[in-house]
Amino acid sequence: MIKKRDLQECHTLYDQMVHPDVFPFVRQKAYSYEEFLFMTKQTIEAEEQGELISRTILDEWGNPIGTINLYDVENKSGFLGTWIGKPFHGKGYNKPAKEAFFHELFYELEMETIYMRIRKENVRSQKAAEKLPYVINANETRPAIYEKLNANGDIYNLYEIPKDLYTWHLYQTPQEEEQALEA
């Protein structure tokens, strides 16, 4: 479902990223294939330096369909950035990609908090985030971060995924499935 980034997937990912339904919401915008290739090299190097964590989202056949990243990593936290190519919207890739990434972040890389900044105009991403039972709207609970994100205007909503709430969700899910099977 996810794998470490590599340069071989750049053509496919660039073609998907520049779609007008995707491009406005991508954090690291590239305006040419060459720029995307260069940015991907920088991303791989930044991960080696511990500045971010970046993975490629794959479909069931192993084809690259988007990226999922943790930016601004510090103090066991960072900001999530995800995009999926337009042909794959609404096909159920977002949730399992996030869950695989969160598992790696929380239990292998020992992160404690994942933040998401979502543009208020990006209703699609807000709805996707709010469907997840372990996501908290943090506009009021993390005012310093919220104000910093919106220093240039009321642009973003802030969401938080704490490790303990995510872990609690994982322990609840199997029990809920068992209860449904017994009913």
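The model is predicted, so local features are given at pLDDT of at least 70 and side-chain atom pairs at pLDDT 80 or more, while totals for chains, interfaces and linings use all residues. Residues are numbered from 1 along each chain as its sequence is written, and side-chain values use heavy atoms, without hydrogens and water.

**Whole chain**

Colour by secondary structure to find six helices and seven strands, where helices (H or I, at least four residues) and strands (E, at least two) are DSSP runs numbered from the N terminus. Their order from the N terminus is β-α-α-β-β-β-α-β-α-β-α-β-α. The C-alpha trace spans about 55 × 40 × 30 Å along its principal axes.

Buried residues make up 43% of the 183; buried means under 20% relative accessible area, exposed over 50%, and partly exposed in between (1.4 Å probe, protein chains only). With contact defined as heavy atoms within 4.5 Å, 59% of the contacts between residues at least 6 apart in sequence join residues at least 24 apart.

**Helix H1**

Select residues 10–17. Cys10, Leu13, Tyr14, Gln16 and Met17 are buried in helix H1. Looking down the axis of H1, these buried residues fall within an arc of 165 degrees, so they line one face of the helix; the arc is that of the directions from the helix axis to the C-beta atoms.

**His19**

Next select His19, in the loop between H1 and H2. His19 is partly exposed, at 29% relative accessible area. Leaving out residues up to four places away in sequence, His19 touches Pro24 and Lys86. For a distance check, pick Ala129: His19 and Ala129 are 110 residues apart in sequence and 22 Å apart in space, C-alpha to C-alpha.

**Two loops with positive phi**

Most residues other than glycine have a negative phi. Select Asn75, in the loop between S3 and S4: Asn75 has a positive phi of about 50 degrees although it is not a glycine. Asn75 is exposed, with a relative accessible area of 70%.

End at Glu110, in the loop between helix H3 (94–108) and strand S5 (113–119). Glu110, also not a glycine, has a positive phi of about 60 degrees, and at 48% relative accessibility Glu110 counts as partly exposed.
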